[in-house]
Amino acid sequence: MTGDPQRVLDTKWFSVVAKPQQNAEPYYVVELPDYVSIVALTPAREVLFVRQYRPVVERHTIELPSGHVEERESPEEAARRELLEETGYVAKQLELLGTLVPDVGRLANRMWCYFAPDVRPSEGPHEPEAGVSVVVLTEPEAIARAEDGTIDHALNLAPLFLALVRGKLSLNHPGRSDLYAPSARS
């Protein structure tokens with residue numbers, strides 16, 4: 001295949017593009033909207049997650065509030081919208097933790113990771129998104145769910161990791177101080 005990339009499949013959710021490669025089969029790329037993911041922390045230092053059924057893995061998952069950036073919407077606007085739609089909470093402040101590449105092998109989009117401190121329930125009416133329920137975990141519970149594999153979605157673990165390394169979430173909690181201490185093995 002030589003020449004310009006060719007769109008070989010177009011859906012409302014994604015497109016597949018064949019990119020010509022010299023002396024090789026075309027390389028297929030999936031084009032889709034950018035993602036946002038929000039690590040939302042309540043004043044009581046609880047992290048908001050959502051529980052929903054995911055057909056790909058055929059089970060319910062626990063995930064950070066997240067979704068696609070819509071056309072003509074900034075990533076920050078998408079983060080605010082997704083947080084409200086999925087949890088009923090609002091953020092006065094959003095801090096960009098980082099912009100990641102979800103999959104360098106096939107996906108041609110970015111993931112905007114935000115931290116939202118002191119989120120609070122919306123004062124306006126909120127109709128919960130069908131099939132989505134809010135899960136509120138303390139910081140230690142959230143980290144424990146990541147450790148034990150309950151939270152196993154890589155695109156959720158990455159923002160949690162960014163929040164940890166940027167000091168937005170803490171591993172140092174009463175009753176768990178020795179859990180992450182360096183090993184005293186000799």
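Trainee: How many bridges join S2 to strand S3 (residues 24-31)?
Mentor: S2 and S3 run antiparallel. Helices (H or I, at least four residues) and strands (E, at least two) are DSSP runs, numbered from the N terminus, and two strands pair if DSSP finds at least two bridges between them. Within this pair, Ser 15 has Glu 31 of S3 as its bridge partner. The number of bridges joining S2 to S3 is six.

Trainee: Which atoms do the side-chain values use?
Mentor: This is a predicted model, in which local features need pLDDT of at least 70 and side-chain atom pairs count only at pLDDT 80 or more, while totals for chains, interfaces and linings use all residues.

Trainee: Which residue in the turn between S2 and S3 has a positive phi?
Mentor: S2 and S3 form a hairpin, with two residues between the strands. The positive phi, about 55 degrees, belongs to Asn 23.

Trainee: How many residues lie between S1 and S2 in their hairpin?
Mentor: Strand S1 (residues 6-10) pairs with strand S2 (residues 15-21) in the antiparallel sense, over four bridges. Between S1 and S2, the hairpin has four residues.

Trainee: What percentage of the residues of the protein count as buried?
Mentor: The protein has three helices and 12 strands, and its C-alpha trace spans about 60 × 60 × 30 Å along the principal axes. A residue is buried under 20% relative accessible area, exposed over 50% and partly exposed in between (1.4 Å probe, protein chains only). Of the 186 residues, the share that counts as buried is 37%.

Trainee: Which strands stand at the edges of the open sheet of four strands?
Mentor: The order of this open sheet is S7-S4-S10-S9, with mixed pairing. Each edge strand has a single partner strand, so one side of it is left without a neighbour in the sheet; the edge strands are S7 (66-68) and S9 (95-100).

Trainee: Which helix packs on the sheet?
Mentor: S4 and S7 pair in the antiparallel sense over three bridges, and Tyr 35 has His 68 of S7 as its bridge partner. The packing helix touches S4, S7 and S10, and its direction makes about 60 degrees with that of S4. Here axes are lines fitted to C-alpha atoms, for helices over the stretch in contact, and angles run from 0 to 180 degrees between N-to-C directions. The helix is H1 (residues 75-87).

Trainee: Is Ser 37 buried or exposed?
Mentor: Ser 37 is in strand S4 (residues 35-40). Leaving aside neighbours within four places in sequence, Ser 37 is in contact (heavy atoms within 4.5 Å) with residues including Leu 64, Trp 112 and Leu 155. Because its relative accessible area is 1%, Ser 37 is buried.

Trainee: Why does Thr 42 count as buried?
Mentor: Thr 42 lies in the loop between S4 and S5. Not counting residues up to four places away in sequence, Thr 42 touches Leu 48, Tyr 89, Asp 118 and Val 119. Thr 42 counts as buried because its relative accessibility is 6%.

Trainee: Which residues of helix H2 (residues 139-147) are buried?
Mentor: The buried residues of H2 pack against strand S5 (46-54), strand S12 (133-138) and helix H3 (154-165). After H2 comes Gly 149, with a positive phi near 90 degrees. The buried residues of H2 are Glu 139, Ala 142, Ile 143 and Ala 144.

Trainee: Which residue lies over the face of Tyr 27?
Mentor: A charge sits over a ring if NZ of Lys or CZ of Arg is within 6 Å of the ring centre and within 35 degrees of the ring normal. At 4.5 Å from the ring centre of Tyr 27, the residue over its face is Arg 106.

Definitions and conventions
Residues are numbered from 1 along each chain as its sequence is written. Side-chain values use heavy atoms; hydrogens and water are left out.
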